[in-house]
Amino acid sequence: MTDKVRAIVAKEWADVFRNRMVIMLVAVPPALMVVLSLGVLGATRSFPPSDLDDMQMFMQQPSFAGLTEMEAAQVVMAQYFLTLFLLMPLIIPVSIAAYSIVGEKVQRSLEPLLATPVETSELLLAKCLAAVLPALGVTWLAFAIFVLGARVFAVSDAAFGRMVSPVWILMVLVIAPLMATMGVLLSVIASSRLNDPRAVEQGIGVLVVPVLGIFLAQMTGLLTINYLTLTIGALLLLAVDALMLRAAVKLFDREAILTRWR
Amino acid sequence: MIETKDLTRRFEAFTAVDHVTLSVAAGEVFGFLGPNGAGKTTTVRMLAALIGITEGEAHVAGFRVGEQDKEVRRRIGILTESPGLYDRISVEANLRFFARMHSIDRTEEDRRVDKYLSLLMLQEKRRAPAATLSKGMKQKLALARAMLHEPQVLFLDEPTSGLDPEAARVVREFIAELRAEGRTIILCTHNLFEADLLCDRIGVIKQSLLKVDTPAGLRASLYGQKVEVRLAEDGAEMAAVVGRLPFVTGVEQEPGKLTVELRDPDGNNPVLVRALVEAGALVRYVRPVEASLEEAYLALVAEAGR
């Protein structure tokens, strides 16, 4: 990372994180997710046996082999929440990038910056890092808290082992950065046309749909998260990120910013 | 320091800047005067290597724009029409950020931040968020930012626009100091008083460059077109005498005074005076009418519009 990239990232954080709205958007979803997921896991321990009757449909699946109904219930709940954890690296960088890039447009601070010897690639990289790093930081922190909480609330070692399996750890470590990158690049693309950070967020809100699709597919048993689905998902996201990077680089060019961004 | 040859910029069918050929010497303050949409900002953006050139070429500080853009940007400072500050961070942080963008080392950064905050009287506000500054202070901060890396060439777009008279004066005095330091300055302005006061030469632009001259030269382009004849008597009947002369294009008469618009005043003033004397006028004196820079500018722009 060059000095200029470091300086831009530092400036972005100093600027964007003075905005209370951004702080809320960065802090509230992970906090809610952790509280909700651990609350549900804790509550599962006290479910009466009659509430666990529905678990029979899951108990047939090989991944639940050897688990009691209570353990299976915790694993199911944990997996739902882990899918939702993947929303965080998507939503958080969008908020940061939207406020950062649209903010520069509104403050008209891009032109003086573009008149310095900074490369537009350095600027784009810095904008991406400034949005992706905090998003990954809070996602991983929230995940770590979830793992610790799951350890406390798990009814058994077997349940904990299935809840926080290596495939899920890889999912959070690999898929989350790719999702965050996708969110930031889409923000760059959307910010070139929109002048309101909220409009950018709403426009990109559509990205939540595929993640919710995975969530539903998993709930209905259509999709199982394993190494194969993880690899396919990662490759697909990598391809989408590469396409978006091309579009973002084209838009994030001095002339395009000054003459075509509205 | 700045050389352009047939510099042209088109946006699809619209030609924003049309074959501008210009040479600005080191240490010169060159003013761009022109109506809104005349191509001033587009010209500056091309020279600052911010947007591409459609046709022609430009060199800034010895580097060719479009080919050595990074070198060009190292040597220029720009004050955009809007200050474009980072509102939530402090005055000092705004400057330090730009110091890093120009790769100024930390010791030098400290010195220059202090120097420009002090020169522009912003020392007391150094820790205040930029958003809390008045419009004049914001403009001064933007000017400090443009100067921080001590560029050879400065582009100033409407530096005093919207400022109160006191802030405008501080900015003008700062520009005068930069001029005294020998920096090359391109000043885009609508403020004719400012152009007259600060510029060594002025280019009147309306897509193409209509005229380049010193402020005095621009005024003179209209001076010579009118003369004032002071008479010892009322002179009402003399207006008709003058009006009949073939080189006279207009006459205004007031008691004891004729304002005569004529072609080639140097050659025709003696003929005018002789005609008046032969008609019985008592001529006290004849002097050129001094047009203001505003009149010269408006005449040029109006002529370009015809």
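How many bridges join β1(B) to strand β2 of chain B, and do the two run parallel or antiparallel? I started my notes on this predicted model with that pair.

**Entry 1: strands of chain B**

I found 7 bridges between β1(B) and β2(B), the latter covering residues 14-24, and the two strands run antiparallel.

Next I looked for another partner of β1(B), which spans residues 2-11. Strand β4 of chain B, residues 55-60, is joined to β1(B) by 5 bridges, and this pairing is antiparallel. Here I noted B:K5, which stands opposite B:E57 of β4(B).

**Entry 2: domains of chain B**

I looked up the domain assignment of chain B and wrote down domain 1 as 2-214 and domain 2 as 225-288. Over C-alpha atoms, the centres of these two domains of chain B are 47 Å apart.

**Entry 3: two helices of chain A**

I turned to helix α5 of chain A, residues 88-107, and helix α10 of chain A, residues 197-204. Their axes come within 8 Å and cross at roughly 140°. Angles over 145 degrees would count as roughly antiparallel, so α5(A) is oblique to α10(A). I recorded the crossing of α5(A) and α10(A) as right-handed.

Which residues make this contact? From α5(A) I listed A:V94, A:S95, A:A98, A:Y99 and A:V102. From α10(A) I listed A:P197, A:V200, A:E201 and A:I204. Sorted by class, the contact of α5(A) with α10(A) has 7 nonpolar residues, 1 polar and 1 charged.

**Entry 4: where chain B meets chain A**

Last, I looked at the contact of the two chains, which takes 23 residues from chain A and 26 residues from chain B. On the chain B side I asked which elements each supply at least two residues. They are α2 (69-74), β6 (76-79) and α3 (91-101) of chain B. The most comes from α3(B), which gives 5 residues to the side of chain B that touches chain A. By class I noted 12 nonpolar, 8 charged and 6 polar residues on that side of chain B.

Notes
Residues are numbered from 1 along each chain as its sequence is written. Chains are lettered from A and ligands numbered from 1 in the order in which they are written. This is a predicted model: local features need pLDDT of at least 70, side-chain atom pairs count only at pLDDT 80 or more; totals for chains, interfaces and linings use all residues. Two residues are in contact if their C-beta atoms, placed from the backbone, lie within 7 Å. Helices (H or I, at least four residues) and strands (E, at least two) are DSSP runs, numbered from the N terminus. Ala, Val, Leu, Ile, Met, Phe, Trp, Tyr, Cys and Pro count as nonpolar, Asp, Glu, Lys and Arg as charged, and the others, Gly among them, as polar. Domain bounds come from an automatic or database domain assignment. Axes are lines fitted to C-alpha atoms, for helices over the stretch in contact, and angles run from 0 to 180 degrees between N-to-C directions. Angles under 35 degrees count as roughly parallel, over 145 as roughly antiparallel, 65 to 115 as roughly perpendicular and the rest as oblique. A crossing is left-handed if the near helix is turned anticlockwise from the far one by less than a right angle, and right-handed if clockwise. Two strands pair if DSSP finds at least two bridges between them.
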